[in-house]
Amino acid sequence: MFAADITEDGTWIPVLELRCFGGLCLRVEGQEPLSGEALTPVQQRLLGALARAPEHTLGVADLLYQLWPGVSSESARGSLDTALLRLRRVLAGHFGREVATRHLVLHNTRLSLRHAEVDWQWIPARLHEALALDESGHPWQAEELLAQCFDALREPLDADFLADVVASGDGVLWRTLLEQAFSLWSRLLHGHGRAAERDGAAL
């Protein structure tokens, strides 16, 4: 699901795709994927925190609390600066310097993952859209979206990312949404079965 962002001055910026299901993985169109195994645990958790955050942006104070709880702010800030520097080096070495500088931005004590698409967020967005389509009388479109989501969900969620999700409480929201989505999926498949029976009886 690659795409690109176009800035106001017409600059074309490739979207960084961050996958959390099936093991952490970063992708940019036209380049080899970067496995999460190439990152340190701290770098993985840093990306995971940004992936879950609204608009993929977090204040430095929030990051310090999430990644280094119980550590003095001065020491934790030093650890964050080091992790960020090394993560940018990894991104630059794999994707090029522009990806490291344009996608991972620290501005006014806020760190952002920009021009990024995260499966952790597009999957629930499409599940919500599927539920809305069914309610508005468009079951076929809803089924297509559900199929896309469940295809992605076949892969397990990255273990470290999952631990952070559980700790944050987001897991409860996901469980509720998935229960609704599976209920709709079951109803749609059951409807197909009844339609097939009617078609068979008519022959």
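In this predicted model, Gly96 follows helix H3 and has a positive phi, near 115 degrees. Helix H3 itself spans residues 73-95. Its 23 residues reach 32 Å from the first C-alpha to the last, close to the 33 Å expected at 1.5 Å a residue.

The buried residues of H3 are Ala76, Leu80, Ala83, Leu84, Leu87, Leu91 and Phe95. In an α-helix, residues three or four places apart point the same way, because there are 3.6 residues a turn. The buried positions of H3 include Ala76, Leu80, Leu84, Leu87 and Leu91.

The sheet is open and consists of three strands in the order S6-S8-S7, with antiparallel pairing. Strands S6 (57-59) and S7 (104-107) are the edge strands, each pairing on one side only. On average, neighbouring strands of this sheet are turned by 20 degrees against each other, direction ignored. Strands of a sheet pair through backbone hydrogen bonds. Strand S8 (residues 110-113) is joined to S7 by four bridges, and the two run antiparallel. Leu106 has Leu111 in S8 as its bridge partner.

Two helices are placed against these strands. Helix H2 (residues 60-67) lies across S6, S7 and S8 and runs at about 85 degrees to S6. Helix H3 packs on the sheet, where it touches S7 and S8, and the direction of H3 makes about 145 degrees with that of S7.

Definitions and conventions:
Residues are numbered from 1 along each chain as its sequence is written. This is a predicted model: local features need pLDDT of at least 70, side-chain atom pairs count only at pLDDT 80 or more; totals for chains, interfaces and linings use all residues. Side-chain values use heavy atoms; hydrogens and water are left out. Two strands pair if DSSP finds at least two bridges between them. Axes are lines fitted to C-alpha atoms, for helices over the stretch in contact, and angles run from 0 to 180 degrees between N-to-C directions. Contact means heavy atoms within 4.5 Å. The expected span of a helix is 1.5 Å times one less than its number of residues. Buried means under 20% relative accessible area, exposed over 50%, partly exposed in between (1.4 Å probe, protein chains only).
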